[in-house]
Amino acid sequence: MSKLIIASKIFIIISGSQIEKGNKNISTEKPNKISCQERNKIENALKFINEYVANSNKIGDRIYIIDWVNSNNLTTKSFKAELKRIIENAYKTEPKVGLNFDPVLDAQDYPKNGFGLEAFDEKTNYLIIRGKDWQEFKLIMKITLVNEHWLVDGCGLINIPETKKAKR
């Protein structure tokens, strides 16, 4: 009997699950069921977004979004440039308000306790993350390999095609 239970658990862990996302299959395995190689690919993305949320939660001593991202070594140059372009264009259009939402989180409100992994597509390097305390809040991220380091190249509104963005 115990051998059957152990065999069943091994089968479940090995098989994982898939969800259909457009024409792409995205693994929905829990983070502890993802291989070591895949885990290494996504660690920086989760570290980036959760540190970003921690900074956003600071009311009085929050670092301005562009300054925070520019000082962060977990994003690509392309990510930093696109964020700056989006914010500067918003202030040109609406000098008093700017975007009126956070382009990294693609929202005004966000999960205050950060994010965890929901799904990862190892072929395209897109991640779906969801709020730890707001499970319905999902965000799409993209990682890319730069000089042997996995960096965030897209998140929320930044470098994520319209067809891939999380629905709001």
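Me: What makes up the secondary structure of the protein chain?
Reply: The chain holds four helices and six strands, where helices (H or I, at least four residues) and strands (E, at least two) are DSSP runs numbered from the N terminus. Their order from the N terminus is α-β-β-α-α-α-β-β-β-β. Do keep in mind that this is a predicted model, in which local features need pLDDT of at least 70, side-chain atom pairs count only at pLDDT 80 or more, and totals for chains, interfaces and linings use all residues. Residues are numbered from 1 along each chain as its sequence is written, and side-chain values use heavy atoms, with hydrogens and water left out.

Me: How do you know that the length of helix 4 agrees with its number of residues?
Reply: The expected span of a helix is 1.5 Å times one less than its number of residues. For the 17 residues of helix 4 that gives 24 Å, and the end C-alpha atoms are 24 Å apart, so the two agree.

Me: Why is Asp106 called buried?
Reply: Buried means under 20% relative accessible area, exposed over 50%, and partly exposed in between (1.4 Å probe, protein chains only). Asp106 has 17%, so Asp106 counts as buried. This residue lies in the loop between helix 4 and strand 3, and its phi is positive, about 50°, although Asp106 is not a glycine.

Me: And Glu148, buried or exposed?
Reply: Glu148 is exposed, because its relative accessibility is 75%. Its place is the loop between strand 5 and strand 6. Glu148 also has a positive phi, near 65°, without being a glycine.

Me: What makes strand 3 and strand 4 a pair?
Reply: Two strands pair if DSSP finds at least two bridges between them. Strand 3 and strand 4 have six bridges, in the antiparallel sense, so they meet that definition. Ala119 stands opposite Ile128 of strand 4. The two strands form a hairpin with four residues between them. Strand 3 is mostly covered, with six of its seven residues buried.

Me: What makes the link between Asn125 and Lys41 a polar contact?
Reply: A polar contact is a pair of N or O atoms within 3.5 Å; within protein, one must be able to donate a hydrogen and the other to accept it, and residues adjacent in sequence count only if both atoms are side-chain atoms. The side chains of Asn125 and Lys41 make such a contact at 2.9 Å.

Me: What makes a set of residues a nonpolar core, and which members touch the most others in the largest one?
Reply: A nonpolar core is a set of buried Ala, Val, Leu, Ile, Met, Phe, Trp, Tyr and Cys residues joined through side-chain atoms within 4.5 Å. The largest has 33 residues, of which Phe48, Ile49, Val104, Leu127 and Met141 touch the most other members. Helix 2 gives the most to this core, with seven residues. A second, separate core of six residues includes Ala119, Tyr126, Ile128 and Ile160. In soluble globular proteins, nonpolar side chains tend to be buried together.
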